[in-house]
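Morning, everyone. Let me put the structure up.

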Amino acid sequence: MPMTTKTLAALALLGTAALAQAAVPQKPLTGTWTTDFGNVRMVEGKQGEVSGTYDTDDGRITGSLANGVISGFWVESASDYTCDTAKMGSRHWGRIRFELNSAGSGWTGIWSYCDYEYVEGNVWNGKRAD
């Protein structure tokens, strides 16, 4: 087999492997998730930004997705703790950190009040509902 034919064959194999890998889409976060705090409706933007809503006290989530981790904030109209500062127009907010599983079908999460450190036991786990 001439060198050019070997080179073309190798490139064809590489191209086929790349297409096969690209054909496996990652599940986007967009959809409904069943969580420890009821259903969360999430939307994932093109640049990794994440937003969502949930029923507890008109709850909202905002953050970003990087390397399988959602980092951001929850915001509600009321909560058990009032922060000194406002976020997204409310003084009832805190941090979140959700780590997605490898299948993209669920997360294990933690949360805090305001900008305080995470407290053991403040879990917020979720799994895909749709």
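I'll go through the ring pairs, then the cluster, then a lysine.

First, a reminder: this is a predicted model. How many aromatic pairs does the structure hold? The count is 12.

Take Trp74 and Trp111. Their rings pair edge-to-face. The centres are 6.1 Å apart, and the planes make an angle of 85 degrees. Where do these two sit in the fold? Trp74 is in strand 5, residues 69–76. Trp111 is in strand 7, residues 106–111. Buried or exposed? Trp74 is buried, and Trp111 is buried too.

Next, Tyr81 and Tyr116. This pair is edge-to-face as well: 5.8 Å centre to centre, with 70 degrees between the planes. Here we are in loops. Tyr81 belongs to the loop between strand 5 and strand 6. Tyr116 belongs to the loop between strand 7 and strand 8. These parts are 35 residues apart in sequence, and the pair therefore ties them together.

What about accessibility? Tyr81 has 33% relative accessibility, so it counts as partly exposed. Tyr116 has a relative accessible area of 43% and is partly exposed.

Now the cluster. Ring pairs link a set of residues that includes Trp74, Trp111, Tyr81 and Tyr116. Also among them are Trp33, Phe37, Tyr54 and Trp124.

Last, the lysine. Which ring faces does Lys87 lie over? One is Phe73, with Lys87 at 4.1 Å from the ring centre. Another is Trp93, at 5.0 Å from the ring centre.

That's it from me. Over to you.

Key: Residues are numbered from 1 along each chain as its sequence is written. This is a predicted model: local features need pLDDT of at least 70, side-chain atom pairs count only at pLDDT 80 or more; totals for chains, interfaces and linings use all residues. Side-chain values use heavy atoms; hydrogens and water are left out. Rings of Phe, Tyr and Trp (its six-membered ring) pair if their centres lie within 6.5 Å; planes under 30 degrees apart count as stacked, over 60 as edge-to-face and the rest as tilted. Helices (H or I, at least four residues) and strands (E, at least two) are DSSP runs, numbered from the N terminus. Buried means under 20% relative accessible area, exposed over 50%, partly exposed in between (1.4 Å probe, protein chains only). A charge sits over a ring if NZ of Lys or CZ of Arg is within 6 Å of the ring centre and within 35 degrees of the ring normal.
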